[in-house]
Amino acid sequence: MPYLWGVDLGGTKTEIAVMEAASLRILERHRAATPVSKGYDALLDNMASMIRQTADAAGLPLPDVVGVAAPGMKDFRTGLHKNSNTTALNGRPFHDDLMRVLGRKVILENDANCFALAETRLGVIPEFCPEARVVFGVILGTGVGGGLVVNDRLVRGAHGIAGEWGHNPLEEDGTLCYCGRNGCVETVISGPALEQRYLAQSGHALKLVDIAGRTSTDEHARDIIDHLIESMGRALAVVVNILDPDAIVLGGGVGNIEALYTRGPLAIARYVFNNRFDTPLLRPRLGDSAGVLGAALLTEPGR
Ligand SMILES: [Zn+2]
């Protein structure tokens, strides 16, 4: 097939991209608001109409197969969607419904996995770490997730949860997580968790980017960023001890904080089973289009 089609269903925007299969050149890319308040069927209909409109606008034939990135994952045993923070998808036969409404084959993948695949094939890895064979892609934002790519291929795992370090336990008796457990990594170092911690300490509501910008003058802000770095170090050291990746890519809004790159490696080094930690922590290159590009890459022949 000469074209690769991908759709990224996000909590706020839905994006579509078409790439030329041979060159991986992007031919078309569009985004629209996700009609999340209108419910499950509206999400599906919106994706179908975006595909039709893109084909019409670009003069391309409708695709035989579409790669779709979405939060959460399909339960292989029941066929129902699970673990999605876009909760309208949970408990629904989302993959089957997508194929029915779109009228074509769909390869559905977790959005953090698509991020990891895109950055490995098209983003920061070819540029800065072309020898890397094991890449761990981290999403550190409103939620905390991850994806594992080995030899340019996604590792999904027996339950489809490979790379989901955001729900490893980090704080005993910690905050209740949407997943039903307490003290998950996500409840400690997600953007909302850090903003909540700052509010509780200082009495002021600030966005994380503003908290990070005032660490030299605000002791509460300094404490929040110290807490983020130390907690990320402990949490990522668990991943490093299992996978020992060649490179780690830090995506998501929290991943923009400069101190993660300057102080993060030392924080990880304190907890890994080695006397040093040399793995590069890399900034992603593809911005928030990594999800849609990874989705399109799912449809590459031979994948
Ligand atoms: Zn959790």
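How close do the axes of α3 and α11 come, and at what angle do they cross? The axes come within 7 Å and cross at roughly 85°. This is a predicted model, in which local features need pLDDT of at least 70 and side-chain atom pairs count only at pLDDT 80 or more, while totals for chains, interfaces and linings use all residues. Residues are numbered from 1 along each chain as its sequence is written.

View 1. Helices (H or I, at least four residues) and strands (E, at least two) are DSSP runs numbered from the N terminus. Axes are lines fitted to C-alpha atoms, for helices over the stretch in contact, and angles run from 0 to 180 degrees between N-to-C directions. α3 and α11 are therefore roughly perpendicular to each other, given that angles of 65 to 115 degrees count as roughly perpendicular, those under 35 as roughly parallel, those over 145 as roughly antiparallel and the rest as oblique. On the α3 side the contact is made by D111, C114, F115, L117, A118, E119 and R121, and on the α11 side by A290, G291, L293, G294, A295 and L297. Two residues are in contact if their C-beta atoms, placed from the backbone, lie within 7 Å. By class, this contact of α3 with α11 has eight nonpolar, two polar and three charged residues, where Ala, Val, Leu, Ile, Met, Phe, Trp, Tyr, Cys and Pro count as nonpolar, Asp, Glu, Lys and Arg as charged, and the others, Gly among them, as polar.

View 2. Five strands, in the order β3-β2-β1-β4-β7, form an open sheet with mixed pairing; two strands pair if DSSP finds at least two bridges between them. β3 (26-33) and β7 (105-110) are the edge strands, each pairing on one side only, and the twist averages 20° from one strand to the next. Strands β1 (residues 3-9) and β4 (residues 65-70) run parallel and are joined by three bridges, with V7 standing opposite V68 in β4. Helix α2 (residues 94-102) lies across β4 and β7 and runs at about 140° to β7, whereas helix α11 (residues 290-297) lies across β1, β2 (13-20), β4 and β7 and runs at about 135° to β1.

**View 3. Helices α1 and α2.** The axes of helix α1 (residues 40-58) and α2 come within 9 Å and cross at roughly 45°, and α1 and α2 are therefore oblique to each other. From α1, the residues L44, D45, M47, A48 and I51 meet D97, L98, V101 and L102 in α2, a contact with seven nonpolar, no polar and two charged residues.

**View 4. Helices α6 and α8.** Helix α6 (residues 191-202) packs against helix α8 (residues 219-243) at an angle of about 145°, their axes being 10 Å apart. In this contact L194, R197, Y198, Q201 and S202 of α6 meet H220, A221, D223, I224, H227 and L228 of α8, and by class there are five nonpolar, four polar and two charged residues.

View 5. The domain assignment, which is automatic or taken from a database, gives domain 1 (3-115 + 288-297) and domain 2 (124-284). The centres of the two domains, taken over C-alpha atoms, are separated by 26 Å. Nine residues of domain 1 are in contact with 13 residues of domain 2. On the side of domain 1 that touches domain 2, β5 (73-74) and α3 (111-121) are the elements that give two or more residues, and α3 gives the most, with three residues.
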